[in-house]
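Trainee: I want to know what the labels on this model rest on. Can we take them one at a time?

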Amino acid sequence: MKARVHVMLKNGVLDPQGAAIQHALGSLGFSGVEAVRQGKVIELDLADGTTEATIAQMCDKLLANVVIESYKIEVL
Amino acid sequence: MRAAVVVFPGSNCDRDMAVALKAAGADVQMVWHKDAALPDGLDLIAVPGGFSFGDYLRCGAIAAQSPICQAVVAHVNRGGYALGVCNGFQVLTETGLLPGALMRNAGLKFICKDVGLTVATSDSAFTEGYHAGDVVSFPVAHHDGNYTADAETLATLQGEDRIAFTYASNPNGSLGDIAGVLSENRRVLGMMPHPERAVDAGHGGTDGQALFGGLLGQLTNA
């Protein structure tokens with residue numbers, strides 16, 4: 001089985017990289033880009049039967065820093 | 001005082017840290033990141049600056065799961081002292097020994113220069129060699145030194161006098177100009193600036209000597 005974990009900075013945490021991307025899009029002439037947030041996607045190949053609870057533990061212990069990041073698990 | 005310095009494959013301030021501790025009078029050993037135990041009778045473990053595991057995923061995240069870091073956590077939980085500088089600060093936040101997190105600098109650039117710091121509290125073994133309000137100069141060299149924490153954590157740090165150093169002129173966007181924080185028992189200090197690079201007049205300044213000297217004084221008497 002496969003799972004995809006989306007890790008994003010929590011709402012309210014300033015994202016300097018997202019702000020830089022927003023600025024660069026503006027410089028390229030794309031108007032109306034009101035906000036950009038940058039995150040990461042982690043794809044996992046897992047033994048069949050791995051539970052979502054186990055994946056959540058992986059996220060809490062390593063894949064995300066829950067002080068500043070939130071995550072979303074997508075089982076594929 | 002018995003001190004040890006953790007060495008990761010990408011550490012580059014480990015020997016500077018050892019030199020600074022030895023100059024202050026400590027007995028210093030180096031410990032490899034794959035070691036599962038720290039030397040017996042250790043007073044202080046220092047986690048140095050540099051890089052660890054390519055800083056993949058997040059700075060310090062993989063290092064925080066290494067065997068030696070489990071031993072560092074156990075050492076601190078026994079009441080031992082720990083000092084994390086730069087990447088070491090990032091590692092200590094990732095282990096949960098210190099609150100908050102270090103994000104990419106607000107200006108997105110690597111910053112390498114001397115910065116002015118205000119000593120925010122002298123109430124710790126690390127800062128008792130200074131007076132609160134003293135302004136010192138230490139080098140910084142980091143890309144991810146932008147300290148952040150939620151409002152509740154910040155209020156706790158302020159209320160418990162656990163902010164050790166603040167930037168006189170904020171270089172990286174850190175919340176509340178925070179450059180270094182203490183643990184609840186005040187025995188763990190994490191900071192982005194490098195006191196170990198400010199102990200020799202030939203290297204531009206000696207403001208860091210009071211940190212190591214104060215630490216030695218406190219831990220030798222303990």
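Mentor: Start with burial. A residue is buried if 20 or more other C-beta atoms lie within 10 Å of its own, exposed if 12 or fewer, and partly exposed in between; C-beta atoms are placed from the backbone. The model is predicted: local features need pLDDT of at least 70, side-chain atom pairs count only at pLDDT 80 or more, and totals for chains, interfaces and linings use all residues. Residues are numbered from 1 along each chain as its sequence is written, while chains are lettered from A and ligands numbered from 1 in the order in which they are written.

Trainee: Why is Val31(B) called buried?

Mentor: Val31(B) has 20 other C-beta atoms within 10 Å. The definition asks for 20 or more, so Val31(B) is buried.

Trainee: What does Val31(B) touch, not counting residues up to four places away in sequence?

Mentor: Ala4(B), Val6(B), Val7(B), Leu38(B) and Ile68(B). Contact means C-beta atoms, placed from the backbone, within 7 Å.

Trainee: Which strand holds Val31(B)?

Mentor: Strand β2 (residues 27–32) of chain B. Strands are DSSP runs of E, at least two residues; helices are runs of H or I, at least four; both are numbered from the N terminus.

Trainee: How do you know that β1(B) and β2(B) pair?

Mentor: Pairing needs at least two bridges found by DSSP. Strand β1 (residues 2–7) of chain B and β2(B) have 6 bridges, in the parallel sense, so they pair. In one of them, Arg2(B) has Asp27(B) as its partner in β2(B).

Trainee: What makes the β-α-β unit of β1(B), α1(B) and β2(B) right-handed?

Mentor: Point the strands away from you. If the path from the first strand over the helix to the second runs clockwise, the crossover is right-handed. The unit of β1(B), α1(B) and β2(B) is right-handed, so its path runs clockwise in that view.

Trainee: Which residues of helix α1 (residues 14–23) of chain B are buried?

Mentor: Asp14(B), Asp16(B), Met17(B), Ala18(B), Ala20(B) and Leu21(B). After α1(B) comes Gly25(B), with a positive phi near 110°.

Trainee: Now chain A. Why are β2 (39–45) and β3 (69–75) of chain A called edge strands?

Mentor: The open sheet has 3 strands in the order β2-β1-β3 (chain A), paired antiparallel. β2(A) and β3(A) each pair on one side only. β1 (residues 2–9) of chain A pairs with β2(A) over 7 bridges.

Trainee: How many residues of each chain meet?

Mentor: 8 residues of chain A contact 12 residues of chain B. Helix α1 (residues 16–27) of chain A gives the most to the chain A side, with 3 residues.

Notes: Two residues are in contact if their C-beta atoms, placed from the backbone, lie within 7 Å.
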